[in-house]
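Here are some notes for a colleague who is opening this model for the first time. They are set out as numbered points, to be read with the sequence and the structure side by side.

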Amino acid sequence: MGTTATILHADLDAFYASVEQLLDPSLRGKPIAVGGGVVLAASYEAKSFGVSCGISGWRARELCPQLVFVGGHFQDYQRLGDAAIDVLNDFTPLVERISIDEAFADVAGCTHLFGSPPEIARAVRRRVRAELGLPISIGVARTKHLAKIASQVAKPDGLVVVDPETELDFLHDLPVELMWGVGPVTRARLAKIGVHTIGELAKMPGCSLERIVGRAVGARLTVLAWNRDPREIKTRHRAQSAGAQSALGKKPAEEQAFRPTLRHLADRVATRLRAKSRPGRTVTVRVRFADMHSVTRSVTLDAPISATAILAEIAEELVRVALADHPDEKTVSLLAISMSHLEQHWKLQCELPLGLEDEKLRPGSQRGMARWTADRAIDLIRDRFGWDAVGYGSVMLGLSRSVPDEFRELAEKNL
């Protein structure tokens with residue numbers, strides 16, 4: 001870790017909603033939400049009423065009767081997000097983009113050209129506002145974790161610079177939910193034992209924290225609570241996983257409701273794996289229930305997979321297991337699939353036709369290879385004529401797209 005605050009975390013404020021207000025000035029100052037059946041993004045005016053990403057449209061209108069729903073302009077999101085990152089690139093080559101609307105930057109090597117890190121941050125904010133018309137918040141700190149927290153404190157449309165000499169005083173007074181890895185469930189568990197701030201978490205005995213969040217997460221939260229974060233800016237790195245998720249609003253926890261969504265998610269993930277020739281061995285699903293509580297289930301396979309049908313069937317079985325373990329949960333609000341343990345250099349290993357029960361799930365079997373061949377044919381058609389030119393019947397029939405595919409593509413991490 002450096003000894004001076006040279007790490008910037010830049011985050012465009014309420015990005016999708018801000019773009020909509022930029023494109024239609026009549027929406028400025030009004031509570032707006034992008035989406036319809038499900039809120040995909042909300043303006044700060046809407047957030048003040050409790051409207052948040054992922055809640056159903058009817059609940060959002062219940063919280064804010066004057067809420068205006070707008071459709072998404074996805075090409076503009078991509079264009080403006082890229083332009084904001086380009087502003088950072090004008091100051092330093094050490095930029096690590098982590099989503100469409102946020103990035104880290106290390107400016108240690110360019111202060112002799114553009115001034116101190118706070119001056120650079122102010123220049124970035126001025127340019128993004130002047131050239132793009134968008135608000136952006138920036139945190140400046142010695143570590144990535146603290147810079148990201150500082151940018152959250154700076155919202156909306158602000159700048160926070162954390163002095164290395166007082167960083168623990170700054171960090172320990174903040175609410176624990178600002179930390180990476182502390183979601184609503186973990187926050188509630190910590191609140192039950194009287195832990196509300198990062199400082200209180202930092203002083204917890206390790207064994208007590210492990211009982212609440214597990215050994216690995218507990219150890220990570222402890223070091224971050226003391227601002228020990230040695231991670232450097234990574235300008236280029238190969239993804240170690242690929243995933244996709246879908247907010248459902250409120251759907252019954254029944255197979256006819258979740259199966260089409262899982263097939264669609266599997267199609268998105270597997271297509272990306274095949275495009276990069278990086279099949280994976282570990283399949284993980286996440287199921288979020290109506291009370292926002294989430295559970296995950298995973299399995300590691302003997303051979304890496306990238307076939308859509310194989311991934312979908314494995315994911316369906318994992319979701320069945322998750323629902324069977326929680327029989328009292330009757331409503332599902334989100335489903336997600338991810339693949340990890342991706343192969344760096346992959347070659348398909350053919351298998352003998354032994355008539356095994358799980359042969360259709362084995363990529364090297366005759367049935368597995370037939371599935372992969374069909375996928376590649378679909379990939380070629382889509383590459384030439386677009387994603388909607390062809391699809392799987394089990395996906396196209398019965399899938400209610402409360403979240404547009406274009407929004408999912410922007411949210412999914414590039415492989």
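1. Of the 415 residues of the protein, 48% count as buried, where buried means under 20% relative accessible area, exposed means over 50%, and partly exposed lies in between (1.4 Å probe, protein chains only). The protein exposes about 20,000 Å², and carbon and sulfur atoms supply 53% of that area; accessible areas come from the Shrake-Rupley method with a 1.4 Å probe, and for residues only the protein chains shown count as cover.

2. This is a predicted model, in which local features need pLDDT of at least 70 and side-chain atom pairs count only at pLDDT 80 or more, whereas totals for chains, interfaces and linings use all residues. Residues are numbered from 1 along each chain as its sequence is written, and side-chain values use heavy atoms, with hydrogens and water left out.

3. The secondary structure comes to 17 helices and twelve strands, taken as DSSP runs (helices H or I, at least four residues; strands E, at least two) and numbered from the N terminus. Among the contacts in the protein with a separation of 6 or more, 66% are between residues 24 or more positions apart, a contact being heavy atoms within 4.5 Å.

4. Four strands form an open sheet in the order 9-12-10-11, with antiparallel pairing; two strands pair if DSSP finds at least two bridges between them. Strand 9 (241-252) and strand 11 are the edge strands, each pairing on one side only. The twist averages 15° from one strand to the next, with axes as lines fitted to C-alpha atoms, for helices over the stretch in contact, and angles from 0 to 180 degrees between N-to-C directions.

5. Strand 10 (residues 280-289) is mostly covered, since seven of its ten residues are buried. Nine bridges pair strand 10 with strand 12 (residues 331-342) in the antiparallel sense; in strand 12, T284 has S338 as its bridge partner, and R288 has L334. Eight bridges join strand 10 to strand 11 (residues 294-305), again antiparallel, and R286 stands opposite T296 in strand 11. Strand 10 and strand 11 form a hairpin with four residues between them, and M292 in the turn has a positive phi of about 75°.

6. Helix 13 (residues 255-275) lies across strand 9, strand 11 and strand 12, and runs at about 165° to strand 9.

7. The structure holds six aromatic pairs, meaning rings of Phe, Tyr and Trp (its six-membered ring) with centres within 6.5 Å, where planes under 30 degrees apart count as stacked, over 60 as edge-to-face and the rest as tilted. The rings of F15 and Y16 have their centres 5.5 Å apart and their planes at 50°, so this pair is tilted. F15 and Y77 also form a tilted pair, because their ring centres are 6.2 Å apart and their planes stand at 55°. The latter pair links distant parts of the chain, with F15 in helix 1 (residues 15-23) and Y77 in helix 4 (residues 74-89), 62 residues apart. F15 and Y16 are both buried, and Y77 is buried as well; F15, Y16, F74 and Y77 form one aromatic cluster.

8. Two lysines deserve a look beside aromatic rings. The charged end of K47 sits over the ring of Y44, 4.8 Å from its centre, and the charged end of K144 sits over the ring of F104, 5.0 Å from its centre; a charge sits over a ring if NZ of Lys or CZ of Arg is within 6 Å of the ring centre and within 35 degrees of the ring normal.
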